[in-house]
Amino acid sequence: MSSPTGPASGLPVRMPRPRQPGRHRRPEPLAAPEGAPALVLAVPGTSSAATRSLAEEVVSIARSELPGLDARIGYLDGDDAEFPTLQSVLTRAAEERTARYEQARAAGAEVTEPDGPVAVVVPLLAGPDNALLRRVRQAVMESRIAADLTDVLGPHPLLAEALHVRLSEAGLARADRARLFTVATAADGIILASVGGEEAVQAAGITGMLLAARLAVPVMAAALDEEGAIAATAEQLRGSGSQQLALAPYLIGPEIDAGLLDAAAKEAGCSAAEALGPYPAIGKLALAKYTTALGIAPQQPQGAPVR
């Protein structure tokens, strides 16, 4: 037992650390407001164990950034058994919110009837894909549940960082230009592959400019779903002086058949990096879309400085 002046037994007592004064003081950690809508990650593509593992890692990152977050996963092509559809996830979230309200009333608590959206739906897409986004909107409408739908995750500096990391992991880019770490197979031209038509190519091009600044090599975006676009872009890069090209998927993964990426790399005559996958930035950006929709975000996540 200790006294206000010190430990009675002579053992040290851990005292609370004083809060750091001034503008460099650590901000108070943000937590999800009580009764906040669920974050529902809308996952496109074929449902599989690999897709589920990726989605679970993304929501795990989001939960670690915002304690108390109710994060769920809904699949566009789910089966409602092993892979719940987006509609069923939204319906379940609404039922659980109503049940919590009714239980609180039955217990005599003074609670207000739930209002506002049941969920904020965040598409697991790096760039715009109108065909997939239409399916997400249709699923939300068919659920008849009040839910907000956010924009896709990009373009954003954090995605340029993720692309850089995936290229360096494949030995196609230097991990840190400032340290002059050389890679014999480093590409001197990058094809940024997207899906979703011209709008997706333009959005990928914005992130591509950020990637070009990081790598100091030309980066051009091209559509995977447009016949001949990847080969034409490769020819254009080679015509401008690039000799060793690399394909960088501006994709998270589930939204595209891996075979299409392999075929595109062969068509361009170059090696390819892995898709973005569950890179930490993906979870942070999904959370940023959620908190911005609710108006509780202190700021958007920032990208790492250009090396």
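In β4, alanine 42 has glycine 74 as its bridge partner. Helix α1 (residues 49-65) packs on the sheet, touching β3 and β4, and its direction makes about 155 degrees with that of β4. Helix α2 packs on the sheet too, with contacts to β3, β4, β5 and β6, and makes about 145 degrees with the direction of β4. A contact is a pair of heavy atoms within 4.5 Å; axes are lines fitted to C-alpha atoms, for helices over the stretch in contact, and angles run from 0 to 180 degrees between N-to-C directions.

A note on what you are looking at: this is a predicted model, in which local features need pLDDT of at least 70 and side-chain atom pairs count only at pLDDT 80 or more, while totals for chains, interfaces and linings use all residues. Residues are numbered from 1 along each chain as its sequence is written, and side-chain values use heavy atoms, with hydrogens and water left out.

**View 1. The sheet β4-β3-β5-β6 is open, with 4 strands and parallel pairing.** β4 (71-75) and β6 stand at the edges with a single partner strand each, so one side of each has no neighbour in the sheet. On average, neighbouring strands of this sheet are turned by 30 degrees against each other, direction ignored.

**View 2. Strand β5 (residues 119-123) is mostly covered.** Of its 5 residues, 5 are buried, where buried means under 20% relative accessible area, exposed over 50% and partly exposed in between (1.4 Å probe, protein chains only). Ala119, Val121 and Pro123 point one way, Val120 and Val122 the other, and all are buried. β5 pairs in the parallel sense with strand β3 (residues 38-43) over 5 bridges, with proline 123 as the bridge partner of alanine 42. β5 also pairs in the parallel sense with strand β6 (residues 147-149), over 3 bridges, and there alanine 119 stands opposite alanine 147. Together β5, helix α3 (residues 130-143) and β6 make a right-handed β-α-β unit: with the strands pointing away from the viewer, the path from the first strand over the helix to the second runs clockwise.

**View 3. Glutamine 87 sits in helix α2 (residues 86-106).** Glutamine 87 counts as partly exposed because its relative accessibility is 24%. Leaving aside residues up to four places away in sequence, glutamine 87 touches Ala139, Glu142 and Ser143.

**View 4. Another open sheet of 4 strands runs in the order β8-β7-β9-β10, with parallel pairing.** β8 and β10 (271-272) are at the edges, each with a single partner strand, so one side of each lacks a neighbour in the sheet. β9 and β10 run parallel and are joined by 2 bridges; alanine 246 has serine 271 in β10 as its bridge partner. Helix α4 (residues 157-169) lies across β7 and β9, at about 130 degrees to β9.

**View 5. Helix α6 (residues 229-239) has buried residues Ala229, Ile230, Thr233, Ala234 and Leu237.** Looking down the axis of α6, these fall within an arc of 135 degrees, so they line one face of the helix; the arc is that of the directions from the helix axis to the C-beta atoms. On the other side, Glu235 and Gly239 are exposed. The cover over the buried residues of α6 includes β7 (189-194), β8 (219-223), β9 (245-249) and α7 (258-268). Just after α6, glycine 241 takes a positive phi of about 115 degrees.

**View 6. Helix α7 has buried residues Leu261, Ala264, Ala265 and Ala268.** Down the axis of α7 they fall within an arc of 100 degrees, so they line one face of the helix. What covers them includes β7, α6, β9 and β10.

Definitions and conventions
Pairing = 2+ DSSP bridges.
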